[in-house]
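Please open the model in the viewer and keep the selection panel at hand.

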Amino acid sequence: MFVPTDYPEVLVGLGSPDDAAVYRLDAGRALIVTADFFTPIVDDAYDFGAIAAANALSDVYAMGGMPLLAINLVAFPPDLPDVLAEVLRGGAEMVKEAGVALAGGHTIQDKEPKYGLAVIGLAHPDRLLTRGGARPGDALVLTKPLGTGIIATAFKRGQAELEHLAGAVRWMTTLNRTASRIAVELGLRGACDVTGFGLLGHAREMAMASGVGMEIRVRDVPLMDGARECAHKWLFPRGSFCNRDFYGPHVRFADAIGEVMQMLLFDAQTSGGLLLAVPPGKLQRLLDQLKAEGQPGWVIGQVVTEPGIEVISG
């Protein structure tokens with residue numbers, strides 16, 4: 001059984017679940033270790049590989065680290081070698097874009113394709129971003145819009161526009177590197193990336209780890225082009241409904257917020273943006289630096305003392 005006090009160099013692990021594990025090497029260096037893989041979210045093999053790689057790398061960025069080394073994790077049918085080659089090519093090119101060494105991997109046969117990465121990164125142990133770093137009064141900043149789950153699912157069912165899927169793919173293959181670096185440079189402490197648990201699920205996890213609550217303004221939450229239209233067709237993936245069932249009891253919605261918008265806030269994301277907790281005195285500098293480097297950032301709410309998540313109209 002893992003007992004945190006037996007391993008004092010494990011700064012983040014089972015005792016404080018986060019986006020990745022962190023192991024302190026010395027006073028100025030800590031290793032960040034993560035693994036992430038999943039089944040195809042899109043039909044194009046190359047895009048699937050690139051998205052899965054960006055998603056795995058994001059765990060390191062969410063902790064305030066710089067990824068250094070990655071290895072492939074593959075489960076694939078043996079009769080689809082050409083498809084697998086495209087998946088690996090997409091992953092390799094995304095890893096190269098991140099400036100990370102790809103050093104092999106492990107492959108097994110499986111009826112259902114799965115792909116992702118194990119990633120090792122490096123950070124300063126005193127400059128980590130963690131889910132437990134949010135404080136009352138912090139602003140909440142989101143760095144990518146929502147909508148990947150609903151758009152990808154709707155497209156698979158023939159009820160979404162190709163241009164909307166292409167837009168979602170562009171967001172999913174955009175690294176969180178720039179936002180992470182700026183957050184660390186400004187000395188932020190609270191962050192997570194928005195992925196399978198949706199915005200509200202990850203907000204709840206972050207609030208619990210920090211011992212705070214969060215207030216989210218629905219009018220300020222960005223959505224991808226086509227997300228609202230697909231949502232009105234009620235084509236959410238199963239994971240989004242699971243998020244609503246699990247996290248819903250901990251969320252209070254204003255009466256004016258309809259069920260469609262509620263579900264979009266629960267929508268399971270893939271390779272989503274960072275959710276940053278930003279002290280008031282650093283907010284404008286963060287927004288200015290994000291804008292200067294072409295990185296979007298939306299102020300969607302604030303951290304409060306009262307436990308739970310409250311979603312208001314404006």
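Begin by selecting Asp18, Asp19, Arg131 and Glu205, which are linked in a network of salt bridges. A salt bridge here is a side-chain nitrogen of Lys or Arg within 4 Å of a carboxyl oxygen of Asp or Glu. The model is predicted: local features need pLDDT of at least 70, side-chain atom pairs count only at pLDDT 80 or more, and totals for chains, interfaces and linings use all residues. Residues are numbered from 1 along each chain as its sequence is written, and side-chain values use heavy atoms, with hydrogens and water left out.

Next, keep arginine 131 and aspartate 19 in view; their closest N and O atoms are 3.3 Å apart. Because arginine 131 lies in the loop between strand E6 (114–123) and strand E7 (139–142), and aspartate 19 in the loop between strand E1 (10–12) and strand E2 (21–26), the pair ties together parts that are 112 residues apart in sequence. Strands (E, at least two residues) and helices (H or I, at least four) are DSSP runs, numbered from the N terminus.

Are these two residues buried or exposed? Both arginine 131 and aspartate 19 are buried. Buried means under 20% relative accessible area, exposed over 50%, and partly exposed in between (1.4 Å probe, protein chains only).

Glutamate 205 belongs to helix H6 (residues 198–210), 74 residues from arginine 131. Glutamate 205 counts as partly exposed, at 25% relative accessibility.

Finally, display the whole structure, where a search finds 16 salt bridges.
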